[in-house]
Amino acid sequence: MTKELIKKAKKGDKHAFEQIIDYYQNTLYKVARTRLNSIEDIEDAIQETIISAYKSIHKLYNASKIKSWLITILINQCNYIYKQKQKDNTISFDLIEEKNYISDSYQNNSNIEFDSLMKVLNKDERTILLLYYSEGYNTKVIGKILNINDSTIRNIISRAKRKIEKELKEDSIYGWYR
């Protein structure tokens with residue numbers, strides 16, 4: 001991502017802002033997916049993130065921090081949506097259909113296995129592992145994004161890895177038949 005593109009976006013260039021969002025679209029989706037269950041909620045969180053980022057891009061002082069800035073906005077949006085869902089305390093039939101489709105789908109077993117492993121983790125563990133392993137952030141940066149002490153981040157990574165290892169051991173003993 002070029003600093004020039006970010007400068008243009010800060011001056012109100014909509015096309016430059018669209019290019020920035022296009023560049024980080026996959027990252028935003030992956031992070032939102034670790035925090036929320038339904039596709040609609042994920043899309044809402046991303047859309048609200050884009051709107052919020054567009055309105056406040058002039059406040060971004062360090063262009064090299066744009067990715068973590070966008071992720072921070074997104075996580076805040078995801079947390080808001082999650083809290084709203086908890087207040088509503090309703091069951092999403094779309095989510096049930098989506099889960100059944102995934103479990104019945106044989107198109108990509110590796111994605112199904114990955115999703116099964118990720119289900120043993122809570123949303124914070126999923127998000128932290130994604131940011132650490134997939135996005136390449138160190139524990140200090142993840143701590144700043146999530147507003148958590150970096151030593152806590154290291155502990156969460158360790159605990160999540162143990163959970164996954166335990167799940168893999170159980171699956172190798174019993175198979176994927178459960």
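**View 1. The side chain of Thr49 lies 2.7 Å from the backbone oxygen of Ala45.** This is a polar contact, that is, a pair of N or O atoms within 3.5 Å; within protein, one must be able to donate a hydrogen and the other to accept it, and residues adjacent in sequence count only if both atoms are side-chain atoms. The model is predicted: local features need pLDDT of at least 70, side-chain atom pairs count only at pLDDT 80 or more, and totals for chains, interfaces and linings use all residues. Residues are numbered from 1 along each chain as its sequence is written, and side-chain values use heavy atoms, with hydrogens and water left out.

Thr49 belongs to helix α3 (residues 39–56); helices are DSSP runs (H or I, at least four residues), numbered from the N terminus. Thr49 counts as buried because its relative accessibility is 1%, where buried means under 20% relative accessible area (1.4 Å probe, protein chains only). Apart from residues up to four places away in sequence, Thr49 touches Leu70, Ile73, Leu74 and Gln77, a contact being heavy atoms within 4.5 Å.

**View 2. Ser68 sits in helix α4 (residues 66–88).** With 14% relative accessibility, Ser68 also counts as buried. When neighbours within four places in sequence are set aside, Ser68 is in contact with Tyr137 and Ile145.

**View 3. Helix α2 (residues 14–35) packs with α3 at an angle of about 145°.** Their axes are 10 Å apart; axes are lines fitted to C-alpha atoms, for helices over the stretch in contact, and angles run from 0 to 180 degrees between N-to-C directions. The crossing of α2 and α3 is right-handed, meaning that the near helix is turned clockwise from the far one by less than a right angle. From α2, Lys14, Phe17, Ile21, Leu28, Tyr29, Ala32 and Arg33 meet Ile39, Ile42, Ile46, Ile50, Ala53 and Tyr54 of α3. This contact comprises eleven nonpolar, no polar and two charged residues. Ala, Val, Leu, Ile, Met, Phe, Trp, Tyr, Cys and Pro count as nonpolar, Asp, Glu, Lys and Arg as charged, and the others, Gly among them, as polar.

**View 4. Helix α7 (residues 123–134) packs with helix α8 (residues 139–146) at about 135°, with axes 10 Å apart.** The angle makes α7 oblique to α8; oblique covers what is left after under 35 degrees (roughly parallel), over 145 (roughly antiparallel) and 65 to 115 (roughly perpendicular). The crossing of α7 and α8 is right-handed. Thr127, Ile128, Leu131 and Tyr132 of α7 meet Thr139, Ile142 and Leu146 of α8. Five of the residues in this contact are nonpolar, two are polar and none is charged.

Terms used: Helices (H or I, at least four residues) and strands (E, at least two) are DSSP runs, numbered from the N terminus. Buried means under 20% relative accessible area, exposed over 50%, partly exposed in between (1.4 Å probe, protein chains only).
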